[in-house]
Every structure is written in structure tokens, then in C-alpha cells.
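Hi,

Here's the structure I promised to pass on.

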Amino acid sequence: MPALITDKVGKNYVLFSTLISAGVIFMILLMLLIYSWEAITQNGWQLFTTVWNPPAGQFGIASMLYGTVAVTVIAVALAVPIGLMSAIMISEILPGRYRVMVKSLLELLAGIPSIIYGLIGVAFFSLWIGNIFELDTGRTILTGGILLAIMILPIIITLSEDAIHNVPDIYREAAFGLGLYRHEVIFSTLLPIARADIAGAVLLGLGRAMGETMAVMLVIGSIDRIPSPVFNTLVPGQTITSKLGREITESAFGSVHFSSMIFMGLMLLIIVLGITLIAQRFIKLRSRLYE
Amino acid sequence: MSYKWLAALSCLFLLVLYACTNKESIHIDGSTTVLPIIAEVAEEFRSQYPDIRLIVNAGGSGVAVHQVGAGRVHIGMISRDLTEFEKASYPQADFVTHIIGRDAVIPAVSKYVYDAGVRQLSIDQLRAIYTGEITNWAEVGGPDRHILVIDKERSRGTRHVFMEVITGHPEAEAPGADLVLGANNELQTAIMQSNSAIGVLSWAWLNENVRGLAVITDDGEIIEPTKENIRNGQFPIIRNIELITNGQPSGIASDFIDFVLSEQGQKKVEDFGYARVDN
């Protein structure tokens with residue numbers, strides 16, 4: 001019964017592939033937990049203070065947590081409005097023949113290695129920010145946030161453009177048929193219908209912003225400090241990833257120092273997981289008006 | 001069509017395998033201070049021994065110790081002496097150091113600050129700047145500007161040597177720091193881009209826009225950061241640049257170290273502004 005055999009083989013092959021993908025995520029989480037266990041048991045709540053001084057055995061990650069949240073908020077706040085408007089332009093206003101061209105260009109942007117963005121950031125953005133705001137140094141949290149916004153823009157544009165473009169034409173026709181203006185069709189009909197997929201695009205961008213290392217590391221100044229007042233982002237700071245990028249190679253494997261670094265990685269994963277779960281719950285990613 | 005692709009990929013894979021197995025390779029990692037010399041010496045070494053692959057990276061002195069201790073690289077480049085803590089971290093490793101030259105750690109400032117009259121600082125002033133007691137250039141005879149203090153990553157050899165001299169402790173904290181950067185070129189760029197920065201660099205990294213300062217010793221003597229003063233050991237912030245191996249080097253690693261210590265290698269050390277070690 002060859003049909004039955006190929007069917008079984010095919011089913012197991014698919015199952016096996018899924019298990020590998022799920023296993024990788026599970027293994028990463030497990031590894032992070034195992035290696036950060038020493039830091040958790042040795043330092044406990046001390047891990048959430050602001051002092052990071054490995055020779056003295058102080059491993060407070062608050063500054064890094066702050067930096068990560070700050071650059072991500074800046075990046076998303078800048079990239080989402082621009083990205084969404086660009087997506088609307090490409091999908092609804094631009095003539096169809098330009099759509100593919102513009103989209104391929106944007107997808108090209110998404111493939112540029114982050115070190116390139118980092119070098120551009122060091123050579124230009126940090127200088128501009130320094131000059132505009134008359135700072136001692138342009139290596140600030142804001143610079144990191146702007147650079148990240150540029151990096152996640154292509155992702156947000158191309159994915160939310162897909163979301164809007166995939167809304168079936170009957171909705172457009174029905175809305176125009178009711179005599180709505182074009183902006184009403186876009187904002188009152190298409191965007192609400194595409195909402196879940198747009199949220200997915202923003203989440204993917206947010207995840208990339210949080211996990212980005214190289215570009216941020218080069219422009220943020222890398223000092224473990226929470227600015228005062230806390231919303232002053234025109235001073236140097238540190239993110240979890242930039243800290244890891246700079247320090248992980250200099251910590252001896254198995255030390256509390258190393259373990260505390262891994263703990264920061266664990267925190268990053270937990271934050272991204274948390275945001276994804278909350279978003280799924282509130283935006284109901286699975287509910288669509290069309291299939 | 002798909003078979004062609006598969007065949008091409010397999011060929012590529014085999015080629016990579018071939019490239020990996022054919023030559024003996026030596027991995028070198030460590031200080032960006034030592035990198036320029038070793039990179040050049042490695043170039044000459046390669047032309048004399050074309051069958052050997054030398055892979056040179058630079059992640060800082062601390063990285064070199066960890067990598068050599070963990071057996072991931074054959075030769076480490078360090079721009080300071082090993083600390084007791086590091087030796088204790090790798091009890092199973094037998095670190096052997098090979099001194100290949102001598103270098104100075106020089107306080108470097110932006111051209112603007114230098115031109116405005118800051119030409120030398122005392123050890124006390126340097127300490128006050130890095131601990132945050134002095135925050136304006138006017139306090140040390142410069143323009144009325146905030147001092148942008150650039151610290152280095154903690155594991156960097158340059159920082160160890162500098163902190164040892166100004167505070168007496170190689171891993172002292174620097175609460176006055178505004179930025180923490182890593183490699184010499186990163187610092188060089190940041191100092192160049194600023195109008196008010198101070199950082200510490202090796203002699204080889206100073207240039208028109210990144211000017212080295214003279215250091216006033218505790219005896220009140222002003223010592224310029226010149227090649228002569230580094231060679232004769234007059235400059236107060238001085239260090240050895242060393243290669244480290246895990247155990248006595250053998251085979252190619254040993255050949256390479258001998259090559260660095262040979263007349264040809266030592267000439268390169270001098271070319272880069274470091275002082276040679278006389279055997």
C-alpha cells in the first residue's frame with residue numbers, strides 16, 4: 001500500500017520538522033534558565049538594582065532593562081506611523097505597476113546587515129544628533145532609537161502593506177458603493193479589517209528592535225546608567241543587547257558574571273514573549289473577517 | 001535544473017572542506033593595541049610560509065586570556081600583564097607570556113581642546129577627571145566646556161594599565177565616565193568626532209585630530225609622549241605588550257613567536273611606535 005506509506009512518511013516528516021522548530025525554542029529557553037540559575041540564586045532581587053560592577057560582585061541590570069525599553073519605545077513610536085502611512089500609500093494609492101518595484105526595494109532594505117546601519121549611525125546620525133541638540137556626544141539613547149526605527153521600518157511597511165493589500169476587493173467596492181471618500185474607505189474599512197495582521201507586523205518589528213545588537217551597540221554610548229530625569233533620552237545609555245555584545249566575551253564561562261549576562265538574555269526573551277502573548281490576547285490575532 | 005544546483009552546492013561544500021583541511025591554521029586573538037603589529041608581521045610570515053593559515057582577530061586583552069585559557073585560540077595578544085584573578089580563573093591552563101615590545105598608554109584629547117591650551121595633565125588631574133571631580137576643561141586650563149570622559153570596557157588592557165597608574169587599582173570604577181567604548185579605533189573615532197573628549201590610546205593611534213597629552217609626574221616633571229620617552233621608559237604610564245600561549249608553544253605557534261622576536265619582527269614593532277625588546 002504505497003499510498004498509505006507515503007502518507008505516513010509525509011505526515012511524520014511534517015511532524016518532525018515542527019518538533020525541531022519547537023524544540024529549538026524550548027532548548028534556548030531551557031539553556032537560558034540553566035545558565036542564569038547561578039545568578040538568580042546568588043543575587044536574587046539584587047539583579048534588579050542599578051549598579052553593575054563585576055569585580056565587586058554587583059550585577060544590577062536595571063539600567064540595561066531601561067535602555068532596552070526606551071530604545072524600543074522610541075523605535076516603535078517613530079516607525080509605526082511612518083510605516084503604516086507608507087503601506088497605505090503603496091497598497092491603495094500608488095498605481096499597481098509601481099507596487100512590486102517599491103516593495104522589492106523595501107525588502108532589499110530589510111536585508112542590509114545591521115553592522116552597516118551601525119557604521120552609518122556612528123559616522124552620520126550620532127554627529128547630527130549631537131549638533132542638533134548641542135550635546136557633548138551624539139551617542140545617545142535617542143540615536144539608538146532612531147537607528148532602530150529605520151531598521152524596522154522596512155519590516156513594518158512590507159508586512160502591513162501585505163495586510164492591507166490582502167483585504168478582499170469586495171470590501172473596497174462595498175465601501176465605495178456606499179459613497180465613502182477614499183480616506184474613509186482606508187481608515188474606517190480597510191485598516192480595521194487588516195488590524196490583526198498589522199499588529200503582527202508591528203510585533204515582528206518590535207521583536208527585531210529589542211533583539212538588535214550591533215547597530216545599537218555602536219551608537220548608544222554603552223554606559224550603564226539610567227538618565228535623570230528618566231525620560232531624558234539625550235544621554236548615553238545601555239541596552240541588554242549592547243551590554244551582552246560588549247561584555248559576554250570577557251566573562252569567564254560559568255562565573256556569576258557570565259550567569260548574570262545570560263539572565264539578561266532570559267529577561268529579554270521573557271519581555272518579547274510577554275508582549276506577544278498580551279498582544280495576541282487583546283488584538284485576537286486569529287479572528288479575521290475574511291479567509 | 002535542481003540536480004545542477006545540488007551538484008554546485010556539493011562542489012562548494014567540498015571546496016570549503018578542502019580549504020579548511022588543507023592548511024595548518026593558527027588562531028590569534030586579543031588586544032587591539034597589539035593588532036596592528038601582529039597583522040603586519042602575520043602578513044610577512046604568510047609570504048614566507050604560504051602553507052600556513054594565520055587567523056588574526058582582536059577582541060581585547062581580556063578576551064585573549066579567556067580564549068587562550070579555554071583553548072579556543074593558540075596565541076593571545078595582551079597589552080598588560082595577566083592578573084591574579086585571571087590566572088585563578090583557569091587553574092588548568094599554564095599561561096606562558098612572551099614579551100614582544102613596550103608601549104605607552106597616552107591620555108588623548110580632541111584637537112579643539114589641545115589647541116585651546118590643554119597640553120599636559122598631572123596624574124592627580126587625570127584621576128579627578130575619571131572619578132568625576134573635575135568636569136569642566138576650564139578647571140585644567142582649557143576652554144569652558146564639559147569634559148566628555150570616554151572610558152574603556154573593563155577587560156581592555158589599556159584601561160588596566162591606565163587605572164593602575166592613576167588610581168592604584170587596575171579594575172577601579174570610573175564614575176566620571178560619559179561613554180564606555182571598546183577598541184582603540186572606536187575611541188579614536190569618538191575623540192575625533194567630539195570637541196571636548198578625553199580618552200586613553202596607544203601611541204600608534206594618535207593623529208592630527210586626536211592629540212596625545214604630556215603627563216606631569218608626582219615629582220612635577222612634564223613628560224612628553226614621544227617615542228624616545230616610551231623607549232627609555234620615562235613616560236609614566238607604560239606597559240609590556242605580550243603574546244600568551246597555553247603551555248610552551250610548539251610547532252607553527254613557536255615559529256611565529258620566534259618570527260615576531262626576530263630582527264624582522266622587531267623592526268615592525270618599532271615601525272608602529274612601540275619600543276623593541278632587546279634580547
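This is a predicted model: local features need pLDDT of at least 70, side-chain atom pairs count only at pLDDT 80 or more; totals for chains, interfaces and linings use all residues.

**Where chains A and B meet**
The contact draws on 23 residues of chain B and 22 residues of chain A. About 1,800 Å² is buried between the two chains, with carbon and sulfur atoms giving 48% of that area. On the polar side, 9 residue pairs are in polar contact across the interface, both partners at pLDDT 80 or more. The count of salt bridges between chain B and chain A is 2. In one of them, the side chain of Glu186(B) meets that of Arg246(A) at 2.6 Å, N to O. As for which parts of chain B take part, α3 (61-69), β7 (179-181) and α8 (184-193) each give two or more residues to the side that touches chain A. Of these, α8(B) gives the most, with 4 residues.

**A bent helix in chain A**
Helix α2 of chain A runs over residues 62-93, which makes 32 residues. From first C-alpha to last it reaches 45 Å, close to the 46 Å expected at 1.5 Å a residue. Still, α2(A) bends by about 25° at Ala79(A), and Pro81(A) follows within four residues.

**A histidine in chain B**
His98(B) sits in strand β4 (residues 95-110) of chain B. Its relative accessible area is 13%, so His98(B) counts as buried. The side chain of His98(B) makes a polar contact of 3.1 Å with that of Thr245(B). Leaving out residues up to four places away in sequence, His98(B) also touches others, including Ile241(B), Leu243(B), Pro249(B) and Ile257(B).

Cheers

Terms used. Residues are numbered from 1 along each chain as its sequence is written. Chains are lettered from A and ligands numbered from 1 in the order in which they are written. Side-chain values use heavy atoms; hydrogens and water are left out. The expected span of a helix is 1.5 Å times one less than its number of residues. The bend at a residue is the angle between axes fitted to the seven residues ending there and the seven starting there. Buried means under 20% relative accessible area, exposed over 50%, partly exposed in between (1.4 Å probe, protein chains only). A polar contact is a pair of N or O atoms within 3.5 Å; within protein, one must be able to donate a hydrogen and the other to accept it, and residues adjacent in sequence count only if both atoms are side-chain atoms. Contact means heavy atoms within 4.5 Å. Buried area is the accessible area (1.4 Å probe) that two parts lose on being put together, summed over both. A salt bridge is a side-chain nitrogen of Lys or Arg within 4 Å of a carboxyl oxygen of Asp or Glu.
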